[in-house]
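Please look over the sequence and the structure shown here before reading on.

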Amino acid sequence: MVTSSSVPRLVIAAPSSGSGKTTVATGLMAAFAERGLAVSPHKAGPDYIDPGYHALATGRPGRNLDAFMCGPELVAPLFAHGAAGCDLAVVEGVMGLYDGAAGRGELASTAQVAKLLRAPVVLVVDASSQSRSVAALVHGFASFDPRVRLGGVILNKVGSDRHEAMLREALEEAGMPVLGVLRRAPQVATPSRHLGLVPVAERRADAVAAVAALAEQVRAGCDLEALLALARTAPPLACEPWSPLRASPAFEALGTPPEAAGGGSGGGAPGFGKGRGGGPLIAVAGGPAFTFSYAEHAELLRAAGAEVVTFDPLRDEALPEGTNGLVIGGGFPEVYAPELSANEPLRAAVAAFAAAGGPVAAECAGLLYLARSLDGKPMCGVLDADARMSERLTLGYREAVAVSDSPLAAAGTRLRGHEFHRTVVEPGAGAAPAWGFTHPERRVEGFVRGNVHASYLHTHWAAQPSVASRFAAAAAEFAAAPAARP
């Protein structure tokens, strides 16, 4: 079912990281939402943290558009799923406009996402150390790939009225509209640490104030009417919106008619188990220590018939009653190691659940939590491994193949993922590794032990919906054998 998505849309890009994309994108989202528009927030690339601020600005799930992990063919369908029923969509880019997966040309770049979405691009330029040269810079970005439609510029860190006048004159000569000017000002309070901004869940009240300040800054310096008019020039996007129901391998088996599956919905999708009862309960770690997740993961689990509930390992002393499957995603357990360690009842419950054969999917932060220790603090002890902070940043896309059968994937399953951490686990792989990396380096990584799958690799399940359905099936099988429960 191919439909035409006509949601007005903008891609916010920059010549390089640190130019102010997040400031402008988040501020625009909040400013337009304050006007009463339903704004759909998106982020190019694998980043988990910025979408948290986007969600705070718009009241809708922040969704990622990653052409490497999900493939270029899913970018438009995932966008249409998230943006369904909205008045405007804002996509924050990643790195510089033309920067993508290393050695892969334009793959996973902001430029590629903009072309796949047929969306106009607004270039955010740090003008603090230039005047007339800004025209040459912008001309280069506008002409590098004629298929990328650069619709205007927002000048950031402008020093004075005279500085602004020189910049505007240069860009007028180049025929490039100036859609906003942000003056040099004290940074809005968005503190960072070793992996980027501090997530919203760790500073909720301060984050609300920061987003409001960004909205005010952008509202004062940008031509919102011109930006909205530019967004409305985006042509219709012909594609079938991604649907967790239609994507689920269980869809055809259950014989659900297409009309029952529905289209995309920014608020999530109902599962096959809804109204039928008996679906497995899958507990997903949340709270300040475990903030990394893609909205599509929970949607796919529900589509596979599971009930999804969230728990906080910092505060909850037991797993949710009736837990049949456990998902522990990414985040910052290293920041909360003492508190996580002090919650001995939950650590014991997680260990007992894993020992009883309960399916566990642990990703990056989850891997650390399942280890024996993290920076010397006792963790769950599910894995014969110890974790510690490191000075070395491990970062980049990976191509992987499942080495061992697990609740997530059958051996031989291929997918793409992303690593992003400053910790080390020793040993780096168990007797039954989780993944074998085939690019850019060849090594094995992670652990499969019983029904536990633990790895540093972040994956996007929309690219391989069988991951969610396989995990839900493992949880259902565990639920059917109550004698094995802890």
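## Residue F141

F141 is found in helix 5, which covers residues 133–144, where helices (H or I, at least four residues) are DSSP runs numbered from the N terminus. This is a predicted model, in which local features need pLDDT of at least 70 and side-chain atom pairs count only at pLDDT 80 or more, while totals for chains, interfaces and linings use all residues. Residues are numbered from 1 along each chain as its sequence is written, and side-chain values use heavy atoms, with hydrogens and water left out.

Because its relative accessibility is 16%, F141 counts as buried (under 20% relative accessible area, with a 1.4 Å probe and protein chains only). Leaving aside residues up to four places away in sequence, F141 touches A14, P15, L97, Y98 and L123, a contact meaning heavy atoms within 4.5 Å. L97 lies 44 residues from F141 along the chain, and the C-alpha atoms of the two are separated by 8.1 Å.

## Helix 1 and helix 2

Helix 1 (residues 21–34) and helix 2 (residues 49–58) pack with their axes 8 Å apart, at an angle of about 20°; axes are lines fitted to C-alpha atoms over the stretch in contact, and angles run from 0 to 180 degrees between N-to-C directions. The two helices are therefore roughly parallel to each other, a term for angles under 35 degrees.

In this pair, T22, T26, M29, A30 and A33 of helix 1 meet D50, Y53, H54, A57 and T58 of helix 2.

## The whole chain

Of the 486 residues of the protein chain, 57% count as buried.

Key: Buried means under 20% relative accessible area, exposed over 50%, partly exposed in between (1.4 Å probe, protein chains only). Angles under 35 degrees count as roughly parallel, over 145 as roughly antiparallel, 65 to 115 as roughly perpendicular and the rest as oblique.
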